[in-house]
Amino acid sequence: MAGYKEVSVAGYEDFMQAVEQHNGKTVFAYFSGSKDAEGKSWCPDCVQAEPVVREGLKHVGEGCVFIYCQVGEKPYWKDPNNDFRKKLKLTAVPTLLKYGTPHKLVESECLQANLVEMLFSED
Amino acid sequence: MVLDFVAPSPQGTSWGLGGTCVNVGCVPKKLMHQAALLGQALTDSRRFGWEFSQQVKHNWGTLTEAVQTHVGSLNWGCRLSLREKAVAYVNAHGEFVEHHKVKATNGKGQKTCYTAAKFVIATGERPRYLGIQGDKEYCITSDDLFSLPYCPGATLVVGASYVALECAGFLAGLGLEVTVMVRSVLLRGFDQEMAERLGSSLERLGVRFLRKFVPVAVLQLEKGSPGRLKVVARSTEGPETVEGVYNTVLLAIGRDSCTKGIGLEKIGVKINEKNGRIPVNDMEQTTVPYVYAVGDVLEGKPQLTPVAMQAGKLLARRLFGGRLEKCDYVNVPTVVFTPLEYGCCGLSEERAAQEYQRENLEVYHTVFWPLEWTVACRDNNACYAKIICNKLDNERVIGFHILGPNAGEITQGFAAAMKCGLTKRLLDDTVGIHPTCAEVFTTLEITKSSGLDIMQKGC
């Protein structure tokens, strides 16, 4: 298992707190539609992409941080003024990104193992 | 496989995947051009009723950060595109060692060899230096300007290429003091009447021109970000010398092809020894049948991003897609993105006269005053449009030129029309869109041969 730390958060405030806590580290973030009581997300693409992302995590470097962020319920996500859209400039879920860089994968790109691997192993 | 490696500039600047256009050319240039236009718009806005009391000033750092963020996303986009198509990208300098084999050296000096059946050379160009005292130590080029970590301040631009004029234009538009040192003509190779009108528009913006001078030394008076540099220049017409002090000296005197040091001589790919460019046939093939070339390195072809992209795409289709189409290099439109833009497609008046004889040409022209400039009280004789028609061929439009706002957007459609065989009659039959600048081309009446005055009166 690669030496990365996983942090689970929900909502924008939690996310930004986690980012600050790990200032100075390489931070990857995966944004997904929130899961229900049974652990299933309202976003079908997010459900499909998660195993691909988890597989790709095996390539991540030592000391990296992986933030798994549940963005919220569908109506919140659809609101064009939500914090994720306005402040983080997210356009869709799932989004997988390397925080503080332009390296990101959006929607169907997250389903492609080769692209996910590239994002995690980039230096 | 793509072997891409950017050797750092003398000032240490380097960049990611995507070539000159994405990193240190078209893209950052157009964004900075837009920044300058927005400054002008702020000035004009007062006349349209906008009231604001703050002093409007420009922050260079904010601009470069925004530009570099966008460039970074384009670099990433290139990486994604390559990976999606399973193209291996190796960040290393490629060099032929023998037929069908290259040696790739990465930034750490590690070497790996690769073989392939076919090769494409698209190594582009880099800015040329003057070869005078202080040039590499103290001067910057377009390689450095778009990510410069400090505001350039009072700038001397050396050169009269479109790179020189575009940079001079947006720097002046951002409020900086700009001087342009020109050895002989502006925009060599372009229509000279248009070039001179463009030069005048820059002068009206406050750009100072030092015509017929060349720098002979650059000395550092003070270190800093920016520092202070003294430039000594000699007249091309006599012994006169002139000295000036500037914060930044930007060299834009031309670009050299990156075809030396990549082993072309080892496999016999012929290059033009004078300028380093590679002659190819109409299939972009070099003198060695399995080696092709596209882009700025090509001898005798327009050095423009869309030309390179088109040539590359069609080459790939011919090699692997069973298609036959060749790249059409005729009537390629281009635009100089100075604050007042210059768009053209086809021949300059000089070339047209050479190819068809002046008596067989009819040139229609006019000055025009954009409606938006009326209320803003801007010059009513600065914008100019002309078409060059071949009288022996139904007044076929063989040259299209416009100096005016949004020339870039305007020229595209007319380039397509010229591909369809545009004639003066067809232009006259086209109904104009009102009120626009582009519509002037549908109502051109005055010819140069008539000698009639086109200047606008009033205001």
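**Talking through a predicted two-chain model**

Modeller: Let's start where the chains meet: the contact takes seven residues from chain B and twelve residues from chain A, contact meaning heavy atoms within 4.5 Å. This is a predicted model, in which local features need pLDDT of at least 70 and side-chain atom pairs count only at pLDDT 80 or more, while totals for chains, interfaces and linings use all residues. Residues are numbered from 1 along each chain as its sequence is written, chains are lettered from A and ligands numbered from 1 in the order in which they are written, and side-chain values use heavy atoms, with hydrogens and water left out.

Biologist: What is the area buried between chain B and chain A?

Modeller: About 940 Å², with carbon and sulfur atoms giving 62% of that. Buried area is the accessible area (1.4 Å probe) that two parts lose on being put together, summed over both. On the side of chain B that touches chain A, the residues divide into two nonpolar, two polar and three charged. Here Ala, Val, Leu, Ile, Met, Phe, Trp, Tyr, Cys and Pro count as nonpolar, Asp, Glu, Lys and Arg as charged, and the others, Gly among them, as polar.

Biologist: How many salt bridges are there between chain B and chain A?

Modeller: The count there is zero, although over all chains it comes to 28. The rule asks for a side-chain nitrogen of Lys or Arg within 4 Å of a carboxyl oxygen of Asp or Glu. Across the interface there are also three residue pairs in polar contact, both residues at pLDDT 80 or more.

Biologist: What makes K87(A) and D83(A) a salt bridge?

Modeller: Their side chains meet at 3.5 Å, N to O, and the limit is 4 Å, so the pair qualifies. K87(A) and D83(A) are about one helical turn apart, because they lie four residues apart in helix α4 (residues 83–87) of chain A.

Biologist: Why is the approach of R126(B) to A7(B) called a polar contact?

Modeller: A polar atom of the R126(B) side chain lies 2.9 Å from the backbone oxygen of A7(B). The term covers a pair of N or O atoms within 3.5 Å; within protein, one must be able to donate a hydrogen and the other to accept it, and residues adjacent in sequence count only if both atoms are side-chain atoms. R126(B) sits in strand β7 (residues 125–127) of chain B. Not counting residues up to four places away in sequence, R126(B) touches several residues, including W15(B), D143(B) and D256(B). Helices (H or I, at least four residues) and strands (E, at least two) are DSSP runs, numbered from the N terminus.

Biologist: At what angle do α2 and α3 of chain B pack?

Modeller: Helix α2 (residues 26–45) and helix α3 (residues 60–84) of chain B pack at about 145°, their axes 10 Å apart. Axes are lines fitted to C-alpha atoms, for helices over the stretch in contact, and angles run from 0 to 180 degrees between N-to-C directions. Among the contact residues are L31(B) and M32(B) of α2(B) and W60(B) and L63(B) of α3(B). By class, the residues of that contact are ten nonpolar, two polar and no charged.

Biologist: Which peptide bond next to P226(B) is cis?

Modeller: The one joining S225(B) and P226(B), with omega about 5°. P226(B) is in the loop between β11 (213–222) and β12 (228–235) of chain B. Another cis peptide bond joins H434(B) and P435(B), with omega about 0°.
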